[in-house]
Amino acid sequence: MEGLLLRKYVLEAHKKRATNRSWKTFYAVLRGSELYFYKPLSVSLKEQKFVEKVHIRHSFTEFLQEYKNKTNVFALTLINGATESEHSMKSWINYLNYM
Ligand code: I3P
């Protein structure tokens with residue numbers, strides 16, 4: 001599955017509103033459980049620059065039927081992980097940040 005998408009960040013983290021909320025155009029490609037975002041560099045879409053990929057396993061996607069300013073809008077909520085103790089959480093953050 002792939003195609004052009006307009007994307008806007010709503011939240012940066014749980015309950016933290018994104019600061020830059022503008023819509024931006026990407027070419028999105030779903031490969032396995034990773035969603036890759038590319039910046040189209042030409043109208044023909046032949047040239048693209050990789051921007052980022054997000055891990056979508058256990059994410060949640062929903063159609064936002066009542067969205068005011070645009071049609072055909074869906075929301076993708078990513079899961080960032082949680083642990084039972086603060087100590088365990090800090091270990092994960094350390095390991096994952098310095099991998
Ligand atoms: C808009 C701006 C608004 C945002 C709006 C964006 O981008 O970021 O803050 O509304 O989203 O389109 P721009 O400055 O490029 O025009 P919210 O703050 O309510 O998210 P919207 O089109 O979903 O209303």
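**Fold, sheet and ligand shell of the predicted model**

From the N terminus on, the elements of the protein follow the order β-β-β-β-β-β-β-β-α. The radius of gyration is 16 Å, well over the 13 Å that the globule rule gives for 99 residues, so the protein is more spread out than a compact globule. The model described here is predicted. In total, the protein holds one helix and eight strands.

The overall dimensions were computed next. Along its principal axes, the C-alpha trace spans about 50 × 35 × 25 Å. Buried residues account for 1% of the 99 residues. Contacts across the sequence were also counted. Among contacts between residues at least 6 apart in sequence, 10% join residues at least 24 apart.

Four of the strands form an open sheet. Their order in the sheet is β1-β4-β5-β6, and the pairing is antiparallel. Strands β1 (2–7) and β6 (48–55) stand at the edges. Each of these two has a single partner strand, so one side of each is left without a neighbour in the sheet. On average, neighbouring strands of this sheet are turned by 35° against each other, direction ignored. In general, strands of a sheet pair through backbone hydrogen bonds, and the pairing can be parallel or antiparallel.

Strand β4 covers residues 24–31, and strand β5 covers residues 34–40. The two run antiparallel and are joined by five bridges. Across this pair, Ala28 stands opposite Phe37 in β5.

Thr25 also belongs to strand β4. Thr25 has 10 C-beta neighbours inside 10 Å. A residue with 12 or fewer such neighbours is exposed, so Thr25 counts as exposed. Neighbours within four places in sequence were left aside when the contacts of Thr25 were listed. The contacts that remain are Leu4, Leu6 and Pro40. Phe60 was compared with Thr25 by distance. The two are 35 residues apart in sequence. In space, they are 21 Å apart, C-alpha to C-alpha.

The surroundings of the ligand complete the description. Lys8, Arg21, Ser22, Trp23 and Asn69 surround the ligand. By class, this shell divides into one nonpolar residue, two polar residues and two charged residues.

Terms used. Residues numbered from 1 in each chain as written. Predicted model: local features only at pLDDT ≥ 70, side-chain atom pairs only at ≥ 80, totals over all residues. Pairing = 2+ DSSP bridges. Axes fitted to C-alpha atoms, helices over the stretch in contact; angles between N-to-C directions. Near = placed C-beta within 6 Å. Nonpolar A, V, L, I, M, F, W, Y, C, P; charged D, E, K, R; others polar. Rg over C-alpha atoms; globule rule 2.2 N^0.38 Å. Buried ≥ 20, exposed ≤ 12 C-beta atoms within 10 Å, placed from the backbone. Contact = placed C-beta atoms within 7 Å.
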